[in-house]
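I opened my notebook to keep track of what I looked up in this structure. Come along and check each entry against the picture.

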Amino acid sequence: MTTLGIIGSGNIGSAVARLAVAADMKVVIANSRGPETLQDQVAELGPLATAGTVEEAASVGDAVVLSIPLKAVPELPEGLLAGKLVLDTSNYYPSRDGRIEELDSSAVTTSELVQRLTGARDVKVFNNIMAGHIPALARPAGAGDRSALPIAGDDAAAKTEAADLISALGYDTYDAGTLAESWRFEPETPAYGLVYFEDPNVPQEKMAEAAPGTTPAEQIKAALDAATRVNVAERRI
């Protein structure tokens, strides 16, 4: 049985955890506050889920979902994720993470930075979709209304492993290239957020109640192809 370690118990990590237990995977979920703060959450997830430390989530997981603020990545124990298959949900928000010069200057992408800091076999995914849409759009393999997620990574084998895992969780994948190309589905690009809405023109003030919509791989490809690089230094969110 596959075990998924999840570091980060916020909205994205929790949504992926729900998909994992629904797919009969074991889940070990961890946060910075300690396992005792996660008892209600694992009770809701059911018997396949347990709370652990970040060390336990990393060590027992066949793959690890990393879903913590970017500013917290350097604070992880040294070597914790080295060589591990990591599903990296990171986005850079200066208002939360502080200014990071090499991201502001586009010297690297967010996930290139995460890979360098962790030594992981990093695959960027789940960063471009709202947390509430993750369980809402998941479908079994072969379903006609199955959606796709873009993935990016520098390790071809890691991307293949990640795609198999993501398929079990309920999504097709579209290979968006290397980590250097992963900016194409980061905030403020066509493949970020609104692409998963039934009405992609929904105004921001109505997004909370707006319905998600099936988003196949060809739609993701078109959104990626339309992307232009965002000037991250101007990002205020």
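My entries follow, going from the whole protein down to single residues.

**Ground rules.** I am working with a predicted model, where local features need pLDDT of at least 70, side-chain atom pairs count only at pLDDT 80 or more, and totals for chains, interfaces and linings use all residues. Residues are numbered from 1 along each chain as its sequence is written, and side-chain values use heavy atoms, with hydrogens and water left out.

**Overall shape.** I found nine helices and eight strands in the protein; helices (H or I, at least four residues) and strands (E, at least two) are DSSP runs, numbered from the N terminus. The radius of gyration is 17 Å, close to the 18 Å that the globule rule gives for 237 residues, so the protein is as compact as a globular protein of that length. For my own reference, that radius is taken over C-alpha atoms, and the rule is 2.2 Å times the number of residues to the power 0.38. I also noted that the C-alpha trace spans about 40 × 40 × 35 Å along its principal axes.

How much of the protein is buried? Buried residues make up 52% of the 237 residues. Here buried means under 20% relative accessible area, exposed means over 50%, and partly exposed is in between (1.4 Å probe, protein chains only). Next I looked up contacts, meaning heavy atoms within 4.5 Å. Among those between residues at least 6 apart in sequence, 67% join residues at least 24 apart.

**The cores.** In soluble globular proteins, nonpolar side chains tend to be buried together. I therefore looked for nonpolar cores, which are sets of buried Ala, Val, Leu, Ile, Met, Phe, Trp, Tyr and Cys residues joined through side-chain atoms within 4.5 Å. The largest has 47 residues, and Phe-126, Ile-134 and Tyr-171 have the most contacts inside it. Helix H1 (residues 11–22) gives the most to this core, with seven residues. Apart from it lies another core, of 24 residues, including Ile-7 and Val-232.

Which residues does Phe-126 touch? Leaving out residues up to four places away in sequence, I listed Ile-12, Val-16, Thr-89, Ile-134, Leu-149, Ile-166 and Leu-169.

**Gln-41.** I found Gln-41 in helix H2 (residues 39–45). Gln-41 counts as buried, at 18% relative accessibility. Setting aside residues up to four places away in sequence, Gln-41 touches Ser-9, Ser-14 and Ile-29.

**Asp-154.** This residue sits in the loop between strand S7 (148–153) and helix H8 (156–169). With a relative accessible area of 45%, Asp-154 is partly exposed. Not counting residues up to four places away in sequence, I saw that Asp-154 touches Gln-115, Asp-122, Thr-178 and Leu-179. I then checked Asp-88: Asp-154 and Asp-88 are 66 residues apart in sequence and 13 Å apart in space, C-alpha to C-alpha.

**Two positive phi angles.** Asp-24 is not a glycine, yet has a positive phi of about 65°. I located Asp-24 in the loop between H1 and strand S2 (26–30). Is Asp-24 buried or exposed? Asp-24 counts as exposed, at 53% relative accessibility.

Ser-106 also went into my notes, with a positive phi near 65° in a residue other than glycine. Ser-106 lies in the loop between helix H5 (101–104) and helix H6 (110–118), and is partly exposed, with a relative accessible area of 28%.
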